[in-house]
Amino acid sequence: MPEYIAAIDQGTTSTRCILFDHGGNVVALAQKEHRQIYPRPGWVEHDPLEIWRNTQEVVNAAVAKIANRQSSIVNAIGITNQRETTVVWERATGQPIYNAIVWQDTRTDGICNELAKEGGQDRFRAKTGLPLATYFSGPKIKWILDNVPGARAKAEAGELLFGNMDTWLIWNLTGAHVTDVTNASRTLLMNLHTLDWDTDILALLGIPRAMLPEIRSSSEIYGHVGTTDESPLRGVPVCGDLGDQQAALFGQTCFSPGEAKNTYGTGCFMLLNTGVTPVPSTSGLLTTLGYKIGSQPAVYALEGSIAITGALVQWLRDNLGLISKSAEVEDLARTVEDNGGIYFVPAFSGLFAPYWRSDARGVIVGLTRYVNKGHIARAALEATAYQTREVLDAMEKDSGVQLTALKVDGGMVFNELLMQFQADILGVPVIRPKVAETTALGAAYAAGLAVGFWKDYDELRANWGKDKEWRPQMDSAKREALYAGWKKAVTRTFGWVE
């Protein structure tokens with residue numbers, strides 16, 4: 001009798017359901033995009049009810065693909081999600097009181113600046129591992145409570161619930177109001193050392209504790225899909241929960257300190273496993289939770305977060321019309337030999353790691369009459385590789401670990417031009433695994449461990465296999481000259497927003 005684990009991957013642009021077999025292979029997949037809502041410059045929202053409807057649709061569609069396999073069984077469900085995206089809803093009705101405020105949204109800049117007046121940008125870093133930045137959920141909750149009429153009074157009366165997208169989906173699936181340590185660590189409200197909500201920070205932000213979900217491990221049974229639901233997964237336990245980047249770390253089987261992965265999605269996120277003690281960053285990285293499996297000790301990570309990578313290709317497609325499909329960017333970039341002397345710094349919502357500059361905005365520098373759309377496409381791809389190099393440099397400085405190779409995943413890893421340039425600019429091999437769906441796979445692994453579908457890390461490691469490797473081909477003098485040009489270009493983005 002075939003047995004599978006279902007992973008719901010709720011991302012920034014779409015929601016997917018993927019079914020995996022014991023070998024970690026994709027058996028069925030369904031995906032649906034949702035709207036990106038831009039009410040004002042710098043504001044980004046999603047409709048939480050649309051995302052919940054899409055989740056139900058993709059679960060039904062994925063399970064329907066195996067319905068003809070006799071007596072096939074889905075043993076468990078894992079959830080992975082866009083992190084920091086903030087939903088507040090009514091406990092009694094399940095109705096959101098405002099759209100979800102997306103991680104890229106910069107409207108909380110004033111709140112963060114106000115908080116930084118005392119103690120600076122690193123005011124909460126010792127407790128949370130995070131700088132004060134618009135990226136995180138806590139200031140977004142405060143904005144909703146301050147700006148939605150009646151919200152604060154309802155929150156104080158215990159009538160409102162908060163969650164990142166994992167909590168929103170688990171609540172709709174099972175009725176349980178929970179999150180895991182990885183998602184909680186992205187709120188600016190969780191103490192890294194106690195793995196609980198920090199009373200002092202909640203008081204400063206004016207967030208009632210009763211709104212917040214219970215913090216659990218990344219791998220345990222949170223609840224079962226409601227038996228009254230129409231879902232084909234009625235009664236199946238929901239028992240894996242990891243923020244998307246931590247899920248990719250887990251799916252890439254980076255279980256040992258010093259192992260790292262980079263995910264190329266809407267943004268780009270490099271995580272380095274640092275073991276069971278948090279490593280403070282002095283180089284602009286985030287100290288975050290990697291994962292916590294059941295009652296085992298929590299594992300920490302250093303993270304470099306880059307806001308705009310794949311989203312830049314979407315921008316070339318949707319806003320400029322240079323390409324009609326994202327995949328065409330590689331062919332366009334190959335029409336030229338190099339970047340024509342230009343750099344494209346996509347600071348559309350400020351700069352994340354290692355700068356944390358919300359006053360920055362995007363620039364293209366070095367333009368001459370020689371430059372054509374091929375050069376712009378190439379510079380857009382190269383921006384991803386340069387930003388990754390900046391994060392890697394910071395990681396090596398903080399951890400003292402020299403990276404010998406980089407495991408990569410996400411949609412952009414099928415862009416061969418980008419992967420070769422990434423290896424060239426890093427000076428280390430770049431390795432793509434056989435199963436590129438590592439984010440969903442990590443959520444499936446966490447869920448499968450909770451129900452004994454997989455028994456230990458060794459079984460998961462045995463599933464990992466290399467698909468392709470790119471080795472550096474650029475000489476070091478050229479590498480450093482190109483990188484110096486990038487660093488100069490980045491400085492031109494600073495201070496644009498007064």
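Two residues are in contact when they have heavy atoms within 4.5 Å of each other. Keep that in mind as we walk through this predicted model, in which local features need pLDDT of at least 70, side-chain atom pairs count only at pLDDT 80 or more, and totals for chains, interfaces and linings use all residues. Residues are numbered from 1 along each chain as its sequence is written, and side-chain values use heavy atoms, with hydrogens and water left out.

Let's start with Thr438, which is found in helix H14 (residues 438-450). Helices (H or I, at least four residues) and strands (E, at least two) are DSSP runs, numbered from the N terminus. Leaving aside neighbours within four places in sequence, Thr438 is in contact with Ala247, Ala248, Gly251, Gln252, Asp409 and Pro433. Is Thr438 buried or exposed? Thr438 is buried, with a relative accessible area of 2%; buried means under 20% relative accessible area, exposed over 50%, and partly exposed in between (1.4 Å probe, protein chains only).

Now look at strand E15 (residues 260-264), where five of the five residues are buried. In a regular strand the side chains alternate between the two faces of the sheet. Here both faces are covered: Ala260, Asn262 and Tyr264 lie on one side, Lys261 and Thr263 on the other, and all are buried. E15 pairs with other strands too (a pair needs at least two DSSP bridges). Five bridges join E15 to strand E16 (residues 268-275), and the two run antiparallel. They form a hairpin with three residues between them, and Thr263 stands opposite Phe269 in E16. With strand E21 (residues 406-409), E15 pairs in the parallel sense over three bridges, and there Asn262 stands opposite Val408.

Next comes helix H4 (residues 137-147). Nine of its eleven residues are buried, so H4 is largely enclosed by the rest of the structure. Among the buried ones are Pro139, Ile141, Trp143 and Leu145. Their cover includes helix H2 (109-116), helix H5 (151-156) and helix H8 (199-205).

Finally, find helices H10 (residues 310-318) and H12 (residues 373-399), whose axes come within 8 Å and cross at roughly 160°. Axes are lines fitted to C-alpha atoms, for helices over the stretch in contact, and angles run from 0 to 180 degrees between N-to-C directions. H10 and H12 are therefore roughly antiparallel to each other, a label for angles over 145 degrees. The contact is made by Leu312, Val313 and Leu316 of H10 and Ile376, Ala377, Ala380, Leu381 and Ala383 of H12.

Notes
Angles under 35 degrees count as roughly parallel, over 145 as roughly antiparallel, 65 to 115 as roughly perpendicular and the rest as oblique.
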